[in-house]
Amino acid sequence: MNYTLSTIGSYPRPEWFRDYLRKQEGLQKDSRGVVDESYIKAVEEVLGEQRKAGIDLLTDGQLLWQNMLCHLCDNLEGFMLSGLIRYFDNNMYYQMPEAVGKVERKNSVIVDEYRAACSLEKNIKPVLSCYSLVDLSRDRFYGDEKEFLMDVAEAMNQEAKALTGAGASIIQVDEPSLLYADKEGVEVAGEALEVLTKGVDASFILATYFRDAKAIYPEVLDYPVNVLGLDFVEGFQENLRLIEEHPTGKIIQAGVVDGRTTRMEQPSGVREVIDSITELVSGEELFLSPNTGLEYLPYVKASEKMGVLSASVD
Amino acid sequence: MSDRILPTTVVGSYPKPEWLNYLIRECSEGSLPDGVMESAYFDSIKAVVKDHELAGVDILWDGEMRREEMTSYFAEHIDGFTIYGDVRVWGNNYYRKPSIVDELSYRDELTVSDYRNLRGLTEHDIKVPITGPYTIVDWSFNEYYRTKEDAVYALAEVINQELKALVKAGASFIQIDDPAISTHVDEIETARNSVEIATRGVKAYTGLHICYGDYSKLYPQILDFSVDQLDFELANKSFQDIAIFREHDFTKDIGFGCVDVHTGRIESVDEIKENIRKAFEIVEPKKVYVDPDCGLKLLSSQTAFQKLSNMCAAARELRGEL
């Protein structure tokens, strides 16, 4: 079995960069950080931490993202941000996006950051989101959630094409909300992914986390993605059962270390988890990662957590 | 606890004077001589006390000049915690998120010297707010205990020692701040047990402050908590929760959040009087404590003072009318 080590997306900002952004933007995030020399230096540090830990497929750490939603909305027409809302069961909050007009992509969303990061490292997967963005937003314009979703999917499709134009060969779509969806949601999310991925010359990873994937099985197996990310920390038993009962040609990206605690797992214990997943997947490839982004951790603990991951397959 | 009807009080925090914030920044860069911060804290607390007295607050606290937030401030003084660094809460706001790395045990006092200090500055009654064990654990990493529950109960024992030490020092009113309870209603039993452990044998009047969240999911179970008073944020939600509380006999005193701390708009005395009257739909006037929704620290000093003044005037006028 070939193991590809990866991270999910977010990474804690280096302390100096945090202070820098706070000076630029203040505490209330109305404006967004820009791709400048400081940003590139910060990305370089975060990439360095990942390389040092032995990560094969890296992320730029989403260092300019206020949270998993607002950064994507900020550069789309049709959104404004409102009050703070808790992000799932985390002690972390986001400004709830509200659709107040037709959602359209007039400017690039994350391509500039992606390009900057690519100047430092080739193996980077950019991260987008679609269903979760709509699910966690409030609709004040459409009156029809599906129409709202399809417009976001269309905008993300344009962004995905721009990303491949900038060199991306693998794109991750983060959809934690899917794990809380009903059957109708799962179906419409599949349609949105068809729109998002259409005509994009890249592989897609669907990343899910915070709980087991019961809600999206077996429909998820028909989604137009190549890699399926599952959280084996929060949903270990159930996800094992799901991949056993529903064999698939898709590659699994298994979240096997807990990105939300400073407790460091024993690599041998993680190895056992990996072995039990390995036994159940077909094919010769398995992606391994923390279950979530690492920004839930203090900076020094994020690298240690990646170290546990790589030690477990040494 | 109070011998006055409709006693006025604060939830805890108050805006720091601009000069104190300036000094805190200077101090973090290491450019202040020894002793400057200590005297700055002391002087700022005096200023807060004067503000509260001028506004007409009956039961005071020190405005939490020394606290930047409500988790690591306590965790740093409890054995078993360590802090590796900051974690984001939202946007560019971070807090020093503690990790539990060893058995939790009482090391030294958390609030006793603050209480003693304030006792020397005012003749008024005092309320001591302290973050509840459930919330501290919920806002920390747990590396040591097998379950979150185990960690919460261990910390509750530590807080219990502190509360007893407070009573020994003379404190008669202690408020447990537990905002995390409303974010995990499925763990309310753990929270309830933690408050029971924390208040066991504590011979003082006790309150529980919960802000945010959907109170309908906590009520009426929250009446089983072993405290004398429940303190809620009500103005911010336009008093919609009154209907929830009316569904069951409200068997505790109520800390009635009647002034919104999330807006700079200063409610008039008449408006606040109307707000306070809504409490009488739930309990008799003698069971009502009048306070703002939450700590005032995010407002400007002037706004915070005006809100408190109007709130106290409203309570005074109502007392005359009852």
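Guide: A crossing is right-handed if the near helix is turned clockwise from the far one by less than a right angle. Keep that in mind for this model, which is predicted. In chain B, helix 9 passes helix 10 in a right-handed crossing.

Visitor: What makes helix 9 of chain B oblique to helix 10 of chain B?

Guide: The angle. The axes of helix 9 (residues 269-277) and helix 10 (residues 301-321) of chain B cross at roughly 60 degrees. Roughly parallel needs an angle under 35 degrees, and roughly perpendicular starts at 65.

Visitor: Why is helix 6 of chain A called roughly parallel to helix 7 of chain A?

Guide: Again, check the angle. Helix 6 (residues 145-165) and helix 7 (residues 183-197) of chain A pack at about 30 degrees, with axes 7 Å apart. The limit for roughly parallel is under 35 degrees. The pair therefore counts as roughly parallel. The crossing of helix 6 of chain A with helix 7 of chain A is right-handed.

Visitor: What residues does each helix bring to this contact in chain A?

Guide: From helix 6 of chain A come Lys146(A), Leu149(A), Met150(A), Ala153(A), Glu154(A), Met156(A), Asn157(A) and Ala160(A). From helix 7 of chain A come Val188(A), Ala192(A), Val195(A) and Leu196(A). The contact of helix 6 with helix 7 of chain A divides into 9 nonpolar, 1 polar and 2 charged residues.

Visitor: How do you know that strand 8 of chain A is largely enclosed?

Guide: Count neighbours. A residue is buried if 20 or more other C-beta atoms lie within 10 Å of its own. In strand 8 (residues 227-231) of chain A, 5 of the 5 residues are buried, so the rest of the structure largely encloses this strand. Val227(A), Gly229(A) and Asp231(A) point one way, Leu228(A) and Leu230(A) the other, and all are buried.

Visitor: What makes strand 7 and strand 9 of chain A partners of strand 8 of chain A?

Guide: Pairing takes at least two bridges. Strand 7 (residues 203-207) and strand 8 of chain A have 3, in the parallel sense. Strand 8 and strand 9 (residues 251-257) of chain A have 5, also parallel. Both counts meet the limit, so both are pairs. Ala207(A) stands opposite Gly229(A), and Val227(A) stands opposite Ile251(A).

Visitor: Why do strand 2 and strand 6 of chain B count as edges?

Guide: The sheet is open, with 3 strands of chain B in the order 2-3-6 and mixed pairing. Strand 2 (78-90) and strand 6 (141-142) of chain B each have a single partner strand, so one side of each lacks a neighbour in the sheet. Strand 3 (residues 93-106) and strand 6 of chain B run parallel, joined by 2 bridges. Ile100(B) stands opposite Asn142(B) in strand 6 of chain B.

Visitor: How many residues does each chain give to the contact between chain A and chain B?

Guide: Chain A gives 25 and chain B gives 17. On the side of chain A, helix 1 of chain A supplies the largest share, 4 residues. By class, that side has 11 nonpolar, 6 polar and 8 charged residues.

Methods: Residues are numbered from 1 along each chain as its sequence is written. Chains are lettered from A and ligands numbered from 1 in the order in which they are written. This is a predicted model: local features need pLDDT of at least 70, side-chain atom pairs count only at pLDDT 80 or more; totals for chains, interfaces and linings use all residues. Axes are lines fitted to C-alpha atoms, for helices over the stretch in contact, and angles run from 0 to 180 degrees between N-to-C directions. Angles under 35 degrees count as roughly parallel, over 145 as roughly antiparallel, 65 to 115 as roughly perpendicular and the rest as oblique. Two residues are in contact if their C-beta atoms, placed from the backbone, lie within 7 Å. Ala, Val, Leu, Ile, Met, Phe, Trp, Tyr, Cys and Pro count as nonpolar, Asp, Glu, Lys and Arg as charged, and the others, Gly among them, as polar. A residue is buried if 20 or more other C-beta atoms lie within 10 Å of its own, exposed if 12 or fewer, and partly exposed in between; C-beta atoms are placed from the backbone.
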